[in-house]
Amino acid sequence: MADFKRIAKFELVSQNNFIESCEMENAIEIYNHLKLPKRATKGSAGYDFYAPFDITLNPGQTIKIPTGIRVSMEPNYVLKLYPRSGLGFKYRLQLNNTVGIIDSDYYFSDNEGHIFAKITNDTNENKVVHLKQGEAFMQGIFIEYGITIDDDTTEVRNGGFGSTTK
């Protein structure tokens with residue numbers, strides 16, 4: 001068995017953060033059933049993210065999902081988010097930004113580093129996507145990265161979704 005580097009830890013955001021982000025009447029109940037991402041098998045590269053509530057997406061429909069999850073990771077890593085391959089294959093389920101990028105400093109943002117997913121049912125076969133609460137819908141893969149020799153960036157993040165270009 002491979003000796004993997006252990007470089008990250010998933011956590012729940014605070015209950016208050018989730019309630020503000022969820023905008024559903026039963027947000028506390030949903031929060032109490034959130035599951036931390038995990039790998040399905042010892043050979044899996046991706047950590048499955050689970051639907052916090054039942055989701056139905058008609059063709060062309062989009063939803064923003066508060067996962068209730070945050071992640072602390074080593075500074076030279078990034079978490080890349082993708083739709084589960086089976087959902088992409090069967091329904092053309094898409095992440096709206098193609099690949100979600102969670103930088104290591106996002107954890108320290110004012111929103112607690114709350115990871116959101118915006119997904120669209122992009123079917124061209126008129127299929128409806130049904131996801132049950134607790135069903136895996138997205139996967140995250142940790143990737144190590146490097147920087148250029150002349151990189152002198154000193155800016156500090158405070159936010160997400162385009163915050164570094166403001």
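Before anything else, a term: two strands count as paired if DSSP finds at least two bridges between them. Please also keep in mind that this is a predicted model.

With that, take strand E5, residues 77-83, and strand E7. They run antiparallel and are joined by 4 bridges. In this pairing, Val 78 stands opposite Asp 103 of E7.

E5 and E7 belong to an open sheet of 4 strands, in the order E2-E10-E5-E7, with antiparallel pairing. At the edges are E2, residues 47-50, and E7, each of which pairs on one side only. On average, neighbouring strands here are turned by 30° against each other, if direction is ignored. As a reminder, strands of a sheet pair through backbone hydrogen bonds, either parallel or antiparallel.

On to the residue itself. Ser 104 lies in the loop between strand E7, which covers 100-103, and strand E8, which covers 115-121.

Is Ser 104 buried or exposed? Its relative accessibility is 13%, and the cut-off for buried is under 20%, so Ser 104 counts as buried.

What does Ser 104 touch, leaving aside residues up to four places away in sequence? The contacts are Met 73, Glu 74, Pro 75, Tyr 77 and Tyr 145. For Pro 75 there is a further detail: the side chain of Ser 104 reaches the backbone oxygen of Pro 75 at 3.4 Å.

One last distance. Ile 141 is 37 residues from Ser 104 along the chain, and their C-alpha atoms are separated by 13 Å.

That is all I have.

How values were computed:
Residues are numbered from 1 along each chain as its sequence is written. This is a predicted model: local features need pLDDT of at least 70, side-chain atom pairs count only at pLDDT 80 or more; totals for chains, interfaces and linings use all residues. Side-chain values use heavy atoms; hydrogens and water are left out. Helices (H or I, at least four residues) and strands (E, at least two) are DSSP runs, numbered from the N terminus. Buried means under 20% relative accessible area, exposed over 50%, partly exposed in between (1.4 Å probe, protein chains only). Contact means heavy atoms within 4.5 Å. A polar contact is a pair of N or O atoms within 3.5 Å; within protein, one must be able to donate a hydrogen and the other to accept it, and residues adjacent in sequence count only if both atoms are side-chain atoms. Axes are lines fitted to C-alpha atoms, for helices over the stretch in contact, and angles run from 0 to 180 degrees between N-to-C directions.
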